[in-house]
Amino acid sequence: MKSNKRNRLNIGLTKLLAPALVATGLIVSGHVVAADEDTINIGFISPRTGPLASFGKTDGFVLEQARKALADGMTIQGKHYKVNILDRDSQSDPARAGQLAKELINQGVDLMLAVSTPEVINPVADAGEAAGVPTLSTVMPWEAWYYGRGAKPGQPSPFKWTYHFGFGTGEFYQTYMSQWALLDTNKKVGVMYPNDADGSAIRGALVPRFKEAGYTVIDPGAYETGTTDFSSQIAKFKAENVEIINTFPIPPDFAAFWRQAAQQGLNRQVKIIQVAKTGLFPADIEVLGSLGPKIASAAYWHKSFPYTSTLTGQNGTQLANLWEKETGEQWTQQLGATLSLLDAATESLKQAKNPKSHADVRDAIASLNVTTIGGKVDFTSGPVPNVSPGPIIGAQWVKGTGKHKLDYVITENVTDTNVPVSHKLLPYNR
Amino acid sequence: MINSLVQAILLGGYYALIACGLAFMFQVMRIINLAHGSLAILSAYMVWMMTEALALSPFTSLLMVLPIMAMIGWLLQRAILERATKGGELLPVLSTFGLSIVIDNLLFQHFGANTRTLASYVGDLSWESYQLFDLWIGKLPILIFATAIIVIGGLDLVLRFTSLGRQIRATAFDPDTAGLVGIDARKTAAIAAAIAMMTVAISGSALGLRGTFDAYAGAPQLLFAFEATIIGGVGSLWGVLLGGIILAIAQSVGALIHPQGFLLGGHFVFLLFLFARIYLNRDFLTLRHWLGNKSKGESL
């Protein structure tokens, strides 16, 4: 509570400073954008700093690859265009993401891109929808994007300008069922979902379907983010003898929960610890030390995806290796996800009658059906208009065999069977 | 149930450890240091940096960070708190609040957004446990609890039985009169601030060992420290230990009633104690009142 207050004060201060900064920003950047008819401007918003920085960490590198590929511009319908990507950092702040989107729209971008988490994508998509600028995004559950922004099930889509591709809760469900069937368990699932938007959405969407599929779900209820002691949940899981745990925590909460669970001996009875949100990136798991290996995860991209980028021509392994060579850091699944967004964006532009017309670009996105480095992006056959569902592949963190502390290996592929399964799922408690 | 109680008491030890620096500063210098949490995170980062760079054990790094934090405490007192106190009661609160924002953002600037921990440098200590019948008791929580007792006990002994302690108490009571009998009040206050910052370094390391931290992790720590201090009664260091334990038990009971009740339970008991302190006989809730007047004249 106190921390909220503090954040609000911080934000208050930022708000005071923001107009001044925005004003200077507009003056400076107004000159940067070439508003001529021969240049296509693409806005790109992602969280490069702040609590979501681990998502945005690789974006600079991916954008560099894209800019190299676009150095000579694009030829669309016989006309040559220069392509200019204007990338902005949302600083993990939804208000700032919306503000940046409005700025970019005022600067006349032809296509808006947003990547990683509802905190970035939803405000940007809302700004794009309001201003009639085609907006494309990926990496958040599509239900939270579609229904979370006011669409109603069974009714026509209210969105004319915004499109999203990638995994949804339906894919999570399929993947978890496929992953959990790999081991012989007593089918008792302990779930730990936080009291936030993700947590409630996942509880509503997944728990009833787990039960239908024959699992016994032990749900101690939503916990508050920032809790430092999880004794009561752990005691409950022990008493009910759960062998599978599914949780959607932020990294500090998961570290607190899982260390305490280990102190209490819960880790000795759990065969599958299926973690989402935490565990997308190696650093989240490395902080757990010897408790890290064999934690199960689900990946929206993996370097062994058998696809090639339409923009840069790289395949997953090449992209990951180049990142590791240039930075010395381990590859992450965000590399391919961000590049797939740029793939889909440039393909849409190519197919547009006139890439400088918002309506033409929007129509091109709506009829897009291509294979990017992240897999198929197909807006012609989605479950709802404006959405193209994508894979979330069952994976596991295992002790590293090469130069990294941990390796990320694929254990099942129900949501995209082209992706090769390389490892057997290992039980956590052995 | 017994297990929850044991876990809560051990967690209370951690809260007491983070609170004792705050309580000590308030008791001795009449300053509520709102930068307390941020300073703890600062020291956690320093310990982390040394551990990482010199491949030391975090415990060795802590020994090296202690004098650095003591120095920071000294400077803090001389450069900021001493001047702020002259401007009335509110000014130290405002200036330490500002200081905490500055520290948080400098840490973010320098260390970025990645979550850090010290636990991965101590092998399996962070999650190993002793098994007693049906009870599983973590080794690290016991270590932290014991540290809290040692730190609080040590501070208490220093205050009671050493000449430095007498000087600190005298300065706290009335700096001007203390000056009349030959005590250098400025120096004494600076020493007290240095001692407080050393406890902050210890609590920062405890945080790093039992959990994770990032640049903005200070505020929740300050909140827990503040609550434990108020519940325990600002006048006594042992009260802080009791306050920490009461806070942790309240949180655990809250969590037993409802999973979202963890933080809420703590806040509720904190408010209860706060109002009780304001409206009831001030003596009623102190340790002294319940233990008889053994320690008369000791607490302030």
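This is a predicted model: local features need pLDDT of at least 70, side-chain atom pairs count only at pLDDT 80 or more; totals for chains, interfaces and linings use all residues.

Q: How far apart do the C-alpha centres of domain 1 of chain A and domain 2 of chain A lie?
A: They lie 32 Å apart. Residues are numbered from 1 along each chain as its sequence is written, while chains are lettered from A and ligands numbered from 1 in the order in which they are written.

Q: OK, and which residues belong to each domain of chain A?
A: Domain 1 covers 23-167 + 334-389, and domain 2 covers 170-299 + 392-410. Those bounds come from an automatic or database domain assignment.

Q: How many residues of the two domains are in contact?
A: Seven residues of domain 1 of chain A are in contact with eight residues of domain 2 of chain A. In contact means that the C-beta atoms of two residues, placed from the backbone, lie within 7 Å.

Q: What about chain A overall, how many helices and strands are there?
A: Chain A has 14 helices and 16 strands. These are DSSP runs numbered from the N terminus: H or I with at least four residues for helices, E with at least two for strands.

Q: What box do the C-alpha atoms of chain A fill?
A: Roughly 70 × 50 × 50 Å, taken along the principal axes.

Q: And how much of chain A is buried?
A: Of its 430 residues, 52% count as buried. The cut-offs go by other C-beta atoms within 10 Å of a residue's own, placed from the backbone: 20 or more is buried, 12 or fewer is exposed, and in between is partly exposed.

Q: Let's zoom in. What does helix H8 of chain A look like?
A: Helix H8 runs over residues 197-212, so 16 residues, and reaches 24 Å from its first C-alpha to its last, close to the 22 Å expected at 1.5 Å a residue. The expected span is 1.5 Å times one less than the number of residues.

Q: Where is the kink in H8(A) centred?
A: On A:Arg203, with a kink of about 30°. The bend at a residue is the angle between axes fitted to the seven residues ending there and the seven starting there.

Q: Which residues in H8(A) are buried, and what covers them?
A: A:Gly199, A:Ile202, A:Leu206 and A:Phe210 are buried. What covers the buried residues of H8(A) includes helix H7 (169-180), strand S7 (188-192) and strand S8 (216-218) of chain A.

Q: Switching topic: what is phi of A:Asn386?
A: Near 75°, a positive value in a residue other than glycine. Most residues other than glycine have a negative phi. A:Asn386 sits in the loop between strand S13 (375-378) and strand S14 (387-389) of chain A.

Q: Is A:Asn386 buried or exposed?
A: A:Asn386 is buried, with 22 other C-beta atoms within 10 Å.

Q: And A:Lys277, where does that lie?
A: A:Lys277 is in the loop between strand S10 (272-275) and helix H11 (282-286) of chain A. Its phi is also positive, near 70°, and A:Lys277 counts as partly exposed, with 19 C-beta neighbours inside 10 Å.

Q: Last one: how many residues does each chain bring to the contact between chain A and chain B?
A: Chain B gives 32 residues and chain A gives 38 residues.
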